[in-house]
Amino acid sequence: MSENARISEAMTIKLEDMFDDLPEMPQFADGIRRAPARHFALNPKDTRLALKNAMRYIPEKWHQQLAAEFLEELLARGRIYGYRFRPAGHIKGRPIDAYRGGCLEGRAFQVMIDNNLDFDVALYPYELVTYGETGQVCQNWMQYRLIKKYLEALTPDQTLVMESGHPLGLFASSPQAPRVIITNGLMVGCFDDPQNWNRAAALGVSNYGQMTAGGWMYIGPQGIVHGTYSTILNAGRAKLGIPADQDLAGRLFVTSGLGGMSGAQGKAIEIANGVGIIAEVDHSRIETRLAQGWISQEIDNPAEAFKVAKEHQRKKKSIAIAYYGNVVDLLEYAVNNNIQIDLLSDQTSCHAVYEGGYCPQGISFEERTELLRSGHAGFKEMIDASLRRHYELIAALAERGTYFFDYGNNFLKAVFDAGVSDICKNGKDPIDGFIFQSYVEDIMGPILFDYGYGPFRWVCLSGKEEDLQKTDRAAMECIDPKRRFQDRDNYVWIRDAGKNKLVVGTQARILYQDAMGRMNIALKFNEMVRNAEIGPVMLGRDHHDTGGTDSPFRETANIKDGSNITADMAIQCYAGNAARGMNLVALHNGGGVGIGNAINGGFGLVLDGSERIDTVIRRAIPWDVMGGVARRAWARNENSIDTSIQYNEMRKGTDHITIPYIADDKMVTDLVTKAFAQLKK
Ligand SMILES: NC(=O)c1ccc[n+]([C@@H]2O[C@H](COP(=O)([O-])OP(=O)(O)OC[C@H]3O[C@@H](n4cnc5c(N)ncnc54)[C@H](O)[C@@H]3O)[C@@H](O)[C@H]2O)c1
């Protein structure tokens, strides 16, 4: 028997068993956005390696034909996607009963994966990219097929191991253990940079999972609308002096990006009752958001855009305007014409700035796509020049009173990398942060994450709208709107969520909640499942949360004890969730800020109505949140210290957080000044 025949015989889950014959190449439908070709930079030796790597999924009888096909894909697109194995037609997260499987969780994960690749949800569904320019569910369609089969085979006594999109295999565990453990894009320290990662991705050995793409927990742009709404609303309160019980009526927010997450900005500004202009260079994305009703009007001339905005500001009427063009051109106009902008941000994909995430001023979106494909030598310099100009314009507007914040897209770091060291607080490197604050540093961190408020989410796996309505009502009843202004905002959000028509893809909902809020809502939902009022529910959250992510330019930007450059918290959160019985745990490199800049993790928990799951909820959900609050408290963040003091009282006998003593600043400064004076002598 040949070696490959022996290998085939040793496996029961394999590609060839899914097809009688080599499947036909499926059609590519017009109008579906395609990922830009990733620049092909492998040498001949690595190209051979990439091909041999991809062939590991393929039985020998198809090697000859597919090796040539994969090589073509690699040369043309910079990656091997294995398009031939893509299911024909529109992928959709269907009701859970439509999936086969040996356990509920295995079927639930299939709903989530397919929702991540839904043509209405995913950014580049043919290339398995869910959002954020590069965030993929897995690397190729062979993996997709195998994952689905593994999830069908999965039993309550096994765990599926997922390494960067590759299903390594099923291993015996127990019902109390996670059913799937996912890691994406993790690199060994000395190779943890975009260059080495790009090579690994082209070789087919690493996947960029972003946060919820590779963690199978993306729920469409709604997932980010609530966070965006809270951010801009609280930016207005904190920086424009708007009282806590009022909204953004009459205020102008200018930003860019109508993509996967950035597409939420239009909807969020309308819910916050303000006026928004959002620049976008890719016309297809404007069309998508217009069709969804998430923006109201498209304008391709800055003068007209600001004119319409002004009229709405005067009437205190909300509107979201898409400006079709480059954000830098829009800001040039604002600076040259003395336009008053209240709030300013940017959501181009600067975490992948040279890989297509940022379109430089002076060229069209189509031209940038061509430059990306050809690997044009001047492309990087164009991007750097555009980022430098972008920064100058922001600085000019900030001088005139505009509040600019970085939206966690690595923008400030990208400007620094483009050669602007003035953007750093210390004028030389980012170790002390930047002169502009990131939205977490200034707004979400102290106002939300430090208390434990974060992006709790759920999916009604039955696919029924009425289940979502029931869960919305039940969640609302768990919130006391009089406790804090954050609770009032969350209450209003969930009260109006149905009316705001936020669902794209599966019947899903996002709701910012703190530790106890999340636990109580989860228990309530599980009880509803038990009483057959609703079908099973998948719980999860964005990785972009209190405790799930270590990211010094974003989630942990308001950690000031020096530990912002460490990643213990995210890893503890992930391991702790696995230990406490979450069904899915995920840990990724990069997230929204790019390889090497963050470690982030998330979870999934299928509510099946059982008492066992009640126990998991009681143990795991408070941990998932309070691990982050405890670390923030240890960094001396005031709101986290208060929250931890209350938690220690409330959970006496079960949990206990170490809370820091606060040293007197003057005493420490005097002592150190004296010591340094001595040292100089
Ligand atoms: N919304 C959030 O709360 C949030 C949170 C964290 C991070 N982010 C970050 O925001 C970024 C955007 O995420 P996404 O999922 O929307 O990515 P995306 O790539 O889908 O969308 C970005 C959009 O910006 C457009 N664009 C690029 N350059 C432009 C330019 N110069 N002028 C105008 N438009 C331009 C692109 O055409 C694209 O549609 C990512 O870096 C992500 O990590 C967002």
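Q: Which side chain does arginine 199 meet in a salt bridge?
A: Aspartate 46, with 2.7 Å from N to O. Keep in mind that this is a predicted model.

Q: And where do arginine 199 and aspartate 46 lie?
A: Arginine 199 is in helix α6, residues 194–203, while aspartate 46 is in helix α2, residues 44–55.

Q: How many salt bridges does the structure hold?
A: 43.

Q: OK, switching to the ligand. Which residues come nearest?
A: Ser262, Glu280, Ser349, His351 and Arg554, out of 32 residues around the ligand.

Q: How does that shell divide into nonpolar, polar and charged?
A: Twelve are nonpolar, 15 are polar and five are charged.

Q: What about backbone atoms, say at glycine 260?
A: A polar backbone atom of glycine 260 is 2.8 Å from an oxygen atom of the ligand. Glycine 592 also has a polar backbone atom by a ligand oxygen, at 2.9 Å.

Q: How much of the ligand's accessible area does the protein cover?
A: 99% of the 850 Å² that the ligand has on its own.

Q: So what kind of space is taken by the ligand?
A: A cavity, and the largest one at that.

Key. Residues are numbered from 1 along each chain as its sequence is written. This is a predicted model: local features need pLDDT of at least 70, side-chain atom pairs count only at pLDDT 80 or more; totals for chains, interfaces and linings use all residues. Side-chain values use heavy atoms; hydrogens and water are left out. A residue is near a molecule or strand if one of its heavy atoms lies within 4 Å of it. A polar contact is a pair of N or O atoms within 3.5 Å; within protein, one must be able to donate a hydrogen and the other to accept it, and residues adjacent in sequence count only if both atoms are side-chain atoms. Accessible areas come from the Shrake-Rupley method with a 1.4 Å probe; for residues, only the protein chains shown count as cover. On a 1 Å grid over the protein atoms alone, a cavity is a set of points where a 1.4 Å probe fits but cannot get out, and a pocket is an open set with protein on both sides within 12 Å along at least five of seven lines; lining residues have an atom within 4 Å of a point. A molecule sits in a cavity or pocket if more than half of its atoms lie within 2 Å of its grid points. Ala, Val, Leu, Ile, Met, Phe, Trp, Tyr, Cys and Pro count as nonpolar, Asp, Glu, Lys and Arg as charged, and the others, Gly among them, as polar. A salt bridge is a side-chain nitrogen of Lys or Arg within 4 Å of a carboxyl oxygen of Asp or Glu. Helices (H or I, at least four residues) and strands (E, at least two) are DSSP runs, numbered from the N terminus.
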